[in-house]
Amino acid sequence: MTSFIVLIGPPGAGKGTQAEAISSKLHLPHISSGDLFRENLKDQTELGKLAGGYINKGELVPDDVTIAMIRERISKPDCQSGALLDGFPRTPAQAEALASMLSSINGQVTSATYIAVPESVLVDRLAGRWTCRKSGHVFHENFCPPQVPGKCDLDGSELYQREDDKSETVKRRIHIYLEQTQPLIEYYHQRGVLVEVDGTKSIEQVTLDLLAAVQKDGNA
Ligand code: AMP
């Protein structure tokens, strides 16, 4: 049985940062649906052009498109021992599709980790976020500023503000999260795999809490 771990949380909860920190410790590939879309957008593929309109408005890309992209990614050899899914599923239909694609490869979601952060904190976090053009490393003008303004500490590339991190779009993304993604918490709770961590703690503490939660369940 292959274990897949799902990270759930509102935009700004720190899913990407945490996924990067824990995927190497758990020896699992980190699959971020948002990063996959952004790569396609950068390369101007058909998928990227289609997704771009939704992403820039802060809306979800349609389920069929998203599910097909993840199905293809999960079928790659590096996912044979499982993966850490960041940003997928985001709707109950995606969760159902994931369950059926995993059952066909003798896999299942063994942990759905919910990073809980109150709404008031999210807007501040997202609106000050700057992302590196080359590899998507994330900085924050107040909480985690780069050493040189506008430059990535890790690879020196330019930092930019994601179109969907601008204030109005941020509010829209949070609203869409509450409406469409929040139901997944109940979905995974009913299946006995939900674990919740407090996402307002420090980045390092949240990483430790996530690792403890996942390992306690015997999933890694
Ligand atoms: P993220 O980097 O996870 O915040 O995702 C950025 C954007 O990509 C989202 O606001 C959506 O427009 C799109 N996206 C990412 N993952 C999904 C998904 N599972 N379903 C639909 N749209 C998605």
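How much space lies in the second largest pocket? About 170 Å³ of space lies in this pocket of the predicted model. A pocket is defined on a 1 Å grid over the protein atoms alone as an open set of points where a 1.4 Å probe fits, with protein on both sides within 12 Å along at least five of seven lines. Grid points are joined across faces, edges and corners, and the volume is the space filled by probe spheres set on the points. In this predicted model, local features need pLDDT of at least 70 and side-chain atom pairs count only at pLDDT 80 or more, while totals for chains, interfaces and linings use all residues. Residues are numbered from 1 along each chain as its sequence is written, and side-chain values use heavy atoms, with hydrogens and water left out.

The lining of the second largest pocket (residues with an atom within 4 Å of a point) includes Leu36, Glu39, Asn40, Asp43, Thr45 and Leu47. Val65, Ala68, Met69, Glu72, Arg73 and Lys76 are also among the lining residues. At least two residues each come from helix H2 (33–42) and helix H4 (63–74), and H4 gives the most, with 5 residues. Helices (H or I, at least four residues) and strands (E, at least two) are DSSP runs numbered from the N terminus. By class, the lining holds 5 nonpolar, 2 polar and 5 charged residues. In this division Ala, Val, Leu, Ile, Met, Phe, Trp, Tyr, Cys and Pro count as nonpolar, Asp, Glu, Lys and Arg as charged, and the others, Gly among them, as polar.

Among the polar contacts (pairs of N or O atoms within 3.5 Å), a backbone N or O atom of Gly87 lies 2.9 Å from a nitrogen atom of the ligand. A side-chain N or O atom of Arg162 is 3.3 Å from an oxygen atom of the ligand, and a side-chain N or O atom of Arg173 is 3.3 Å from an oxygen atom of the ligand. On its own the ligand has 480 Å² of accessible area (Shrake-Rupley method, 1.4 Å probe), of which the protein covers 96%.

An open sheet is formed by 3 strands in the order E6-E5-E7, with antiparallel pairing. Strand E6 (138–140) and strand E7 (159–160) are the edge strands, each pairing on one side only; two strands pair if DSSP finds at least two bridges between them. Strand E5 (residues 129–132) is joined to E6 by 3 bridges. Thr131 stands opposite Val138, and the bridge partner of Arg129 is His140. E5 and E6 form a hairpin with 5 residues between them, and Gly136 in the turn has a positive phi of about 80 degrees. E5 is joined to E7 by 2 bridges, and Cys132 has Leu159 as its bridge partner in E7.

Most residues other than glycine have a negative phi, and most peptide bonds are trans. Gln44, which is not a glycine, has a positive phi of about 50 degrees; Gln44 is found in the loop between H2 and helix H3 (46–57). The peptide bond from Phe88 to Pro89 is cis, with omega near 0 degrees, and Pro89 is found in the loop between strand E3 (83–86) and helix H5 (92–103).

Terms used:
A polar contact is a pair of N or O atoms within 3.5 Å; within protein, one must be able to donate a hydrogen and the other to accept it, and residues adjacent in sequence count only if both atoms are side-chain atoms.
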